[in-house]
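Trainee: Could you show me how to read the features of a structure like this one, a term at a time?

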Amino acid sequence: MRCVVVGLGGRGQHWVQVCKEMDIVTLVAGVDPVEQRRDEVKAKFGLKDEQLFSSLEEALKAVEVDFVLDVTPPSVREKIAEISLSHGLPVLAEKAMGESWEMAKRIAAMAKSSGLTYMVAQNYRFGALPRTTRRLLDEGFLGVINTVVVGFHRPWGMGAHYVEIPYALLIEMAVHHFDTLRYVLNRDAVRVWAHTWNAPWGWHKGDVGHTVVFEFQDGIMVTHHALGCSVGKADHWQGEWRIEGEKGSLTWEDGKLVYGRSLPPEQATVQELPLDPLPFVDTKAVLVEFVSAVKEKREPECSAQDNLKTLAMVFGAIESAKRKQWVELAELFEA
Ligand SMILES: NC(=O)c1ccc[n+]([C@@H]2O[C@H](COP(=O)([O-])OP(=O)(O)OC[C@H]3O[C@@H](n4cnc5c(N)ncnc54)[C@H](O)[C@@H]3O)[C@@H](O)[C@H]2O)c1
């Protein structure tokens, strides 16, 4: 399938590289209003002048494409969705699917009425750690699960929109962990309570520290705590996880999967578990899922409709932090 990458910044250039490495797609054009970005892509990846454009409209007049890969900041997401879907083109879009809950709902509605594929690149859930953990939980490895804690502390979001927008860590980073929680637990969040803040030495305009508590289906309680301006020991990008079940715990320790049990004493153990081998992980697996879904005319994993349930966790948390009270996520869908 022929694709145009829209937005050639840090992440856009990663996608250009991925498209070049994957034979299921052919990169035919790149779009960025900033000349320097287009020049970088020309120099690093060998794209030609006639393949580079300053707007998507201009690109679509000049080249034939089969889908659009939107790697612009979330504030631009709706515009790219409008142009792409109105040209009959499926979209693979970076997270977050919009800078606000209202925008995300409009994009999902647009995608639905177009009948075209719209998938959000929630690549974290496509890693071996989440895939293996989900399989184990589905198989009953921990029995009933009840309590989950996820921590994330890193020097995160050093420039661009990450330092400008309010609640950047929730919208642009925790969104991956929230989506992965839905995937790993195979359940959705029902209600949320959140408190956010900023550390005095931080470099973001908005809050990048938070404690968020979710109640998931079946009464599973999940706490996500994070600081995006940490200058201390950096956590793994997937976060440090602890899942408590009746048969022990599964922890994610710096990218490793560990099973632990302390009771009964004769079953006490702490052991690293092997991760399932997967043909593709991360963004390559996202691309495979997107292309397969378009070809098979089925809804992809992380479709716009599905992703609303992830974004309800993000924007529900923001709403809770503002109101200083629990928020029922169903309320967002009713509004
Ligand atoms: N999934 C992940 O793990 C991951 C990692 C990093 C970034 N991202 C996402 O990728 C997106 C881009 O982030 P980034 O770090 O590359 O930001 P960036 O600022 O480096 O790049 C964004 C680019 O989009 C361009 N742009 C703005 N408006 C445009 C328009 N109308 N048409 C075409 N291009 C336009 C900008 O000029 C800029 O070059 C964000 O949504 C971010 O959340 C995802």
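Trainee: What relative accessible area does Tyr162 have, and which class does that put it in?

Mentor: A word on the source before that. This is a predicted model, in which local features need pLDDT of at least 70 and side-chain atom pairs count only at pLDDT 80 or more, while totals for chains, interfaces and linings use all residues. Residues are numbered from 1 along each chain as its sequence is written, and side-chain values use heavy atoms, leaving out hydrogens and water. Now the classes: buried is under 20% relative accessible area, exposed is over 50%, and partly exposed lies in between, with a 1.4 Å probe and protein chains only. Tyr162 comes out at 26%, so it is partly exposed. Trp156, with 4%, is buried.

Trainee: How many aromatic pairs does the structure hold?

Mentor: The general idea is that you describe two aromatic rings by the distance of the centres and the angle of the planes. Rings of Phe, Tyr and Trp (its six-membered ring) pair if their centres lie within 6.5 Å; planes under 30 degrees apart are stacked, over 60 edge-to-face, and the rest tilted. There are 8 such pairs here. In one of them, Trp156 and Tyr162 have ring centres 5.4 Å apart and planes at 75°, so that pair is edge-to-face. Phe178 and Phe214 also pair edge-to-face, because their planes are at 85°, with centres 4.8 Å apart.

Trainee: Which ring does the charged end of Arg131 sit over?

Mentor: To count, NZ of Lys or CZ of Arg has to be within 6 Å of the ring centre and within 35 degrees of the ring normal. Arg131 has its charged end over the ring of Phe126, 4.5 Å from the centre. Another case is Arg134, over the face of Tyr183 at 4.7 Å from the ring centre.

Trainee: How many residues of helix H6 are buried?

Mentor: Apply the accessibility classes residue by residue. H6 (residues 128-138) has 9 of its 11 residues buried, so the rest of the structure largely encloses it. Arg131 and Arg134 are among the buried ones, and so are Pro130 and Leu136. The cover over the buried residues of H6 includes S7, H7, strand S11 (240-245), S12, S13 and S14, where contact means heavy atoms within 4.5 Å. Just after H6, Gly140 has a positive phi of about 85°.

Trainee: At what angle do H5 and H9 pack?

Mentor: Axes are lines fitted to C-alpha atoms, for helices over the stretch in contact, and the angle between N-to-C directions runs from 0 to 180 degrees. H5 (residues 101-114) and H9 (residues 304-323) pack at about 175°, axes 10 Å apart. That makes the two helices roughly antiparallel (over 145 degrees; under 35 is roughly parallel, 65 to 115 roughly perpendicular, the rest oblique). Across the contact, the H5 side includes Trp101 and Ala108, and the H9 side includes Leu311 and Phe315.

Trainee: What about the backbone: which peptide bond has omega near -10°?

Mentor: As a rule, most residues other than glycine have a negative phi, and most peptide bonds are trans. The bond from Lys95 to Ala96 is cis, with omega near -10°, and Ala96 is in the loop between strand S5 (91-94) and H5. Leu263 and Pro264 are also joined by a cis peptide bond, omega about -10°. Pro264 is in the loop between S13 (256-261) and S14 (269-273).

Trainee: What is the phi of Ala160?

Mentor: Near 50°, which is positive in a residue other than glycine. Ala160 sits in the loop between S7 (145-153) and H7, and at 59% relative accessibility it is exposed. Lys324 has a positive phi too, near 60°, lies in the loop between H9 and strand S15 (327-328), and is exposed at 63%.

How values were computed: Helix = DSSP H or I, 4+ residues; strand = E, 2+ residues; numbered from the N terminus.
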